[in-house]
Amino acid sequence: DILFDIDWQGAKQLSKRSELKLTKIFILPPSKEELKKRLIQRNQDKPEIVSERLKSYESDLVHQSDYDFVVVNDNLESCFKKVEEIIFLEKEKILK
């Protein structure tokens, strides 16, 4: 199994490769306000980068329909468990 943390453009590129058995999971924050709060608290990006991320929020949301699953990251542990469950269930389908 290989996990990629990529944006919707990268997922779109990988989806063109029909030989890949992809399970695409769109992970999003509970709200735009929460995204802003998290980006600021991380203190990793310059204010311009945070601003750009917030500007692209709505246009990024449009692409969630291109994914197999959508998971809201309202709690890190819960989100992790949901993603893990999806991976296990999808793997079972392939192995059957």
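**Entry 1**

I note that the model is predicted. The side chain of E77 meets that of K81 in a salt bridge, at 3.4 Å from N to O. I then checked K81, which counts as partly exposed at 48% relative accessibility.

E52 is partly exposed, with a relative accessible area of 47%. Why does K55 count as exposed? The limit for exposed is over 50%, and K55 counts as exposed because its relative accessibility is 60%.

**Entry 2: salt bridges in α2**

I searched the whole structure and recorded seven salt bridges. One of them joins the side chains of E34 and R38, at 2.9 Å from N to O. E34 and R38 both lie in helix α2, four residues apart, which is about one turn of the helix. R38 is partly exposed, with a relative accessible area of 24%. Which residues are linked with R38 in a network of salt bridges? I found E34 and K37 linked with R38 in this network.

**Entry 3: N73**

I located N73 in the loop between β2 (69–72) and α5 (76–95). Is N73 buried or exposed? N73 is buried, because its relative accessible area is 17%, and buried means under 20%. Not counting residues up to four places away in sequence, N73 touches I27, L28, P29, P30, R38 and C79.

**Entry 4: the nonpolar core**

I looked up the largest nonpolar core and found five residues: L35, L39, V50, L54 and Y57. Helices α2 (32–42) and α3 (47–55) are the elements that give two or more residues to this core. Leaving aside neighbours within four places in sequence, I found L54 in contact with K32, L35 and K36.

**Entry 5: the largest pocket**

I recorded a volume of about 2000 Å³ for the largest pocket. Its lining has 43 residues, and F4, D5, I6, I25 and I27 lie nearest the centre. The elements that give two or more residues to this lining are α1 (8–15), β1 (25–28), α2, α4 (57–61) and α5. Which element gives the most to the lining? I found that α5 gives the most, with 10 residues. By type, the lining divides into 26 nonpolar, five polar and 12 charged residues.

Technical notes
Residues are numbered from 1 along each chain as its sequence is written. This is a predicted model: local features need pLDDT of at least 70, side-chain atom pairs count only at pLDDT 80 or more; totals for chains, interfaces and linings use all residues. Side-chain values use heavy atoms; hydrogens and water are left out. A nonpolar core is a set of buried Ala, Val, Leu, Ile, Met, Phe, Trp, Tyr and Cys residues joined through side-chain atoms within 4.5 Å. Buried means under 20% relative accessible area, exposed over 50%, partly exposed in between (1.4 Å probe, protein chains only). Contact means heavy atoms within 4.5 Å. On a 1 Å grid over the protein atoms alone, a cavity is a set of points where a 1.4 Å probe fits but cannot get out, and a pocket is an open set with protein on both sides within 12 Å along at least five of seven lines; lining residues have an atom within 4 Å of a point. Grid points are joined across faces, edges and corners, and a volume is the space filled by probe spheres set on the points. Ala, Val, Leu, Ile, Met, Phe, Trp, Tyr, Cys and Pro count as nonpolar, Asp, Glu, Lys and Arg as charged, and the others, Gly among them, as polar. A salt bridge is a side-chain nitrogen of Lys or Arg within 4 Å of a carboxyl oxygen of Asp or Glu.
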